[in-house]
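Please keep the sequence and the model at hand while reading.

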Amino acid sequence: MVQFRPRRVIWMTVPCAIALVVVFTVVGVLLRDSDTGANFYLADQIAMVVIGVILAGLTLLWALPRVRADAGGIEVRNVLTKRRFAWSEVLSVSFPDGASWARLELPDDEYHAVMAVQAVDRQHAVDAVRALRRLHKQAGESG
């Protein structure tokens, strides 16, 4: 079995999520001392921190993509969806020129994005596509 996750996206999302929480917390703390004439209360300050935490959580969703593959098939978890394909359902694993991530070519001109294999990961993405193609080819030869 092989498993791949994006690398650079994780390096970007974690600091971004931390920054969001810090910025919204600082704004929430300083909100009461405003010269704007508006009245801010403790509930407003708490709401600012909660908004920061929610935005950080949404940012961290981009670190979730993963692909797992074995001789039987491939499981693709993207930001919000998770789906498993038998190798017999997959025509090929491709990485079109200019694309941000790899994809599975399916029958009837359909495809499924593999967001775990991203162009910004360079050699890691190349290795992932080669490993997935090798498993797909082995499944085709044995099936």
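Gly140 is exposed, with a relative accessible area of 57%, where buried stands for under 20% relative accessible area, exposed for over 50%, and partly exposed for what lies in between (1.4 Å probe, protein chains only). This residue, Gly140, has its place in helix H3; helices (H or I, at least four residues) and strands (E, at least two) are DSSP runs, numbered from the N terminus. Between Gly140 and Ala19 there are 121 residues in sequence and 47 Å in space, taken from C-alpha to C-alpha.

The model is predicted, so local features need pLDDT of at least 70 and side-chain atom pairs count only at pLDDT 80 or more, whereas totals for chains, interfaces and linings use all residues. Residues are numbered from 1 along each chain as its sequence is written, and side-chain values use heavy atoms, with hydrogens and water left out.

## The nonpolar core

In soluble globular proteins, nonpolar side chains tend to be buried together. The largest nonpolar core here has 22 residues, and those with the most contacts inside it are Val67, Ile74, Trp87, Leu104 and Val117; such a core is a set of buried Ala, Val, Leu, Ile, Met, Phe, Trp, Tyr and Cys residues joined through side-chain atoms within 4.5 Å. Two or more residues of this core come from each of strand S2 (66–69), strand S3 (73–77), strand S6 (101–106), strand S7 (110–118) and helix H3 (123–142). Helix H3 gives the most to this core, with 7 residues.

What surrounds Leu104 once its neighbours within four places in sequence are left aside? Leu104 is then in contact with Ile74, Val76, Phe85, Val90, Ser92, Val93, Glu110, Tyr111, His112 and Val114, contact being defined as heavy atoms within 4.5 Å.

## Charged pairs

Side chains of opposite charge can pair when their charged atoms come close. A salt bridge is counted when a side-chain nitrogen of Lys or Arg is within 4 Å of a carboxyl oxygen of Asp or Glu, and by this rule the count comes to 3 salt bridges.

| Salt bridge | Closest N and O atoms |
|---|---|
| Glu75 and Arg66 | 3.1 Å |
| Asp70 and Arg84 | 3.2 Å |

Glu75 and Arg66 are both buried, and Arg66, which lies in strand S2, counts as buried because its relative accessibility is 9%. Leaving aside neighbours within four places in sequence, the contacts of Arg66 are Gln3, Phe4, Arg5, Glu75, Val76, Arg77, Lys82 and Ala116.

Asp70 forms its salt bridge with Arg84, and this pair links distant parts of the chain, with Asp70 in the loop between S2 and S3 and Arg84 in strand S4 (residues 82–86), 14 residues apart. Asp70 is partly exposed, with a relative accessible area of 26%, and Arg84 counts as partly exposed at 43% relative accessibility.

Met1 lies in the segment before strand S1 (2–4) and is exposed, with a relative accessible area of 70%. The C-alpha atoms of Met1 and Ala71 are separated by 7.4 Å, although the two residues are 70 residues apart along the chain. With neighbours within four places in sequence left aside, Met1 is in contact with Arg68, Ala69 and Asp70.

Val14, Ile18, Val22, Val26, Val29, Leu30 and Leu60 form a nonpolar patch on the surface, with about 590 Å² of accessible area together. Patches are made of residues with over 30% relative accessible area and no salt bridge, like charges being joined within 9 Å and nonpolar side chains (Val, Leu, Ile, Met, Phe, Trp, Tyr) within 5 Å; accessible areas come from the Shrake-Rupley method with a 1.4 Å probe, and for residues only the protein chains shown count as cover. Helix H1 (residues 8–30) supplies the largest share of the nonpolar patch, 6 residues. Leu60 is found in helix H2 (residues 42–60) and is partly exposed, with a relative accessible area of 36%.

## Backbone angles

Most residues other than glycine have a negative phi, and most peptide bonds are trans. Asp109, although not a glycine, has a positive phi of about 55 degrees; Asp109 lies in the loop between S6 and S7 and is exposed, with a relative accessible area of 80%. Arg122, also not a glycine, has a positive phi of about 45 degrees; Arg122 has its place in the loop between S7 and H3 and is exposed, with a relative accessible area of 55%.
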